[in-house]
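My notes follow in the order I looked things up.

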Amino acid sequence: MTQPWIHKRTTDLLFILLPPFFITVVMLFFHNKMESIQNNYSFFTWLFLIVGIDVAHVYASLFKTYLNKTNFKQNKHLFLLIPLVCFFVSVGAYMIGATFFWSFLAYIAVYHFVRQQYGFMRLYSRNESKTTKNILFDNLIIYNATLFPMLYWFLTPNRTFNWFVDHEFLQFHAPKIVEILHILYFTILGVYVLITFYTAVKKKYFNTPKHLLIIGTYLSWYLGIVYYNNELIFTTFNVISHGVPYMALIFFKEVNPSNITHGKLQKYLNKQMFITFVLLLLLIAFVEEYIWEVTVWEEHFSLNPSFYFPEAWHFIWIPLLALPQLTHYILDGFIWKTKKTRS
């Protein structure tokens, strides 16, 4: 059985599978300096992580949806309806309260991040035998890797970071429950290691990308949320491990012209399209974040006279600014499903 790479071995490794391992190595050597970096270079960390990756990856999905003529034609009603529903639901959530709105967005974001890891795992498992036993075991492993850190966050309120704003999650201190969950977490992880080793020996086959994806998920979620308690470390693990693979997947599947040309022309187009793809995402992301900054946050940019948007109109303005992000979260649950998967 050949290895089920999504694109190619080298590109999959570099852009999809290795980011969490790379961050882990960096943190092992520099975790003591992260607080100082955050305090002294917050503008640059914001520019690189939030604008350059987190927000940029949201707009990468445009190439799978609204900029893809075939997909848009096939799913036109869905692509037009979901933003409208998201906007009106967001306005309703914000009218209940700003904290409620950010909590609503944070829980959906968590679901989206968890499901992305599940989706990548399914992609890398596509050539394996699809027995109920195998699927249930894989699901247990990937959800153990992602849901335990989130439960730990909910049950350990002393975390120094947040997803969007403070007090966005319902939390309570439950050390006994955390202790039990910790034991269960490592028990499942141990069973996964033993079964994977046994299967590899018995079948003489090891699904390299699938297991790198799973191990990388364990590393990024556990170290970013549980082991370290630092805002910049959490953001680095969270944003890079999620955003870079997503943008790579979009480029490989939707932008890369390898299916229509060959030879030197292909290499030229690949290079030019990659640069155009990245620059376009960076431009859109910066414009969005700049609008957030000058009209709402005023943390990194402020104008004189101020363009700060009156709080009386935040119930419309903030849901409107957050609409691309929320639409991305919801649409992403549909756009990767094939007809076979839906049935």
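I started with H314, which counts as buried because its relative accessibility is 5%, and buried means under 20%. A reminder to myself: this is a predicted model.

Where does H314 sit? I found H314 in helix 13. Setting aside neighbours within four places in sequence, I listed the contacts of H314 as Y94, Y308, F309 and P319.

Next I checked H112, which belongs to helix 7, residues 98-124. Buried or exposed, I wondered about H112? H112 comes out buried, since its relative accessibility is 3% and the cut-off for buried is under 20%. What does H112 touch, apart from neighbours within four places in sequence? I wrote down H57, H242, H328, Y329 and D332.

**Out on the surface**

Then I turned to F29, in helix 2, which covers residues 19-30. F29 is exposed, because its relative accessible area is 65% and exposed means over 50%.

Rolling a probe the size of a water molecule over the atoms shows where empty space is left. How many cavities of 30 Å³ or more turn up in a search of the whole structure? I got two.

The largest cavity holds about 110 Å³ of space. Its lining includes F113, Q117, W221, F237 and H242. Helix 7, helix 10 (208-227) and helix 11 (231-255) are the elements that give two or more residues to that lining. Helix 11 gives the most, with five residues.

**Open space**

Last, I looked at the second largest pocket, with about 920 Å³ of space. I noted 31 lining residues, and the closest to the pocket's centre are W46, I50, N162, W163 and F164.

Which helix supplies the largest share of this pocket's lining? Helix 4 does, with eight residues. Helix 4 (42-60), helix 7, helix 11, helix 12 (263-297) and helix 13 (314-335) each bring at least two residues to the lining.

Looking back over the page, I see helix 7 and helix 11 on the list for the largest cavity and again on the list for the second largest pocket. Helix 7 also holds H112, and helix 13, another contributor to the pocket, is where I found H314.

Technical notes
Residues are numbered from 1 along each chain as its sequence is written. This is a predicted model: local features need pLDDT of at least 70, side-chain atom pairs count only at pLDDT 80 or more; totals for chains, interfaces and linings use all residues. Side-chain values use heavy atoms; hydrogens and water are left out. Helices (H or I, at least four residues) and strands (E, at least two) are DSSP runs, numbered from the N terminus. Buried means under 20% relative accessible area, exposed over 50%, partly exposed in between (1.4 Å probe, protein chains only). Contact means heavy atoms within 4.5 Å. On a 1 Å grid over the protein atoms alone, a cavity is a set of points where a 1.4 Å probe fits but cannot get out, and a pocket is an open set with protein on both sides within 12 Å along at least five of seven lines; lining residues have an atom within 4 Å of a point. Grid points are joined across faces, edges and corners, and a volume is the space filled by probe spheres set on the points.
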